[in-house]
Amino acid sequence: MGRNTKTLQRFLALIESGAIEEALHLMDPKVVIHEAESLPYSGDFQGPEGFVRLAETVFGLATLSLSDVRLLEDGDTVISRSKATFTARATGRVLETEVVELYKFHNGRIIDIDAFYKDTRAVVELLSP
């Protein structure tokens, strides 16, 4: 297992445990997080503060848990494939979907995250009131 994979595992564990501040230290100050334009939390989020805004938005709309996480490292990129379970706060409805995320690293820190949902339409419908 490579260094970047270990860093990503630690990052995901910190996020899951709610230790966001500690997780932010694993991100480069210039990190960019990309979310699909169709999502209610779409766009590019810049820096650790952008990650916090994104997390607040997502967790304001739903609870989110990841399972069956598989990681593949290739140079400065780690590919994560997992099952995401969203539970909408407004309705209690639940959606399970696959997510692939590309994590790029620079000097041992996360510099870029690009997320791809198997069914963005289902996520949008779930999170719509």
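**Exercise 1.** Is G47 buried or exposed?

*Solution.* The model is predicted, so local features need pLDDT of at least 70 and side-chain atom pairs count only at pLDDT 80 or more, while totals for chains, interfaces and linings use all residues. Residues are numbered from 1 along each chain as its sequence is written, and side-chain values use heavy atoms, without hydrogens or water. Buried means under 20% relative accessible area, exposed over 50%, and partly exposed in between (1.4 Å probe, protein chains only). G47 has 3% relative accessibility and therefore counts as buried.

**Exercise 2.** Find the buried residues of helix α4 and say how they are arranged.

*Solution.* In α4 (residues 120–127), the buried residues are A122, V123, L126 and L127. Viewed down the axis of α4, they fall within an arc of 125°, so they line one face of the helix. The arc is taken over the directions from the helix axis to the C-beta atoms. Their cover includes α3, β3 (62–74), β4 (77–88), β5 (94–106) and β6 (109–117).

**Exercise 3.** Which residue caps the N-terminal end of α4?

*Solution.* The cap is D119, with a side-chain oxygen 3.3 Å from the backbone nitrogen of R121.

Key
Helices (H or I, at least four residues) and strands (E, at least two) are DSSP runs, numbered from the N terminus. Contact means heavy atoms within 4.5 Å. A polar contact is a pair of N or O atoms within 3.5 Å; within protein, one must be able to donate a hydrogen and the other to accept it, and residues adjacent in sequence count only if both atoms are side-chain atoms.
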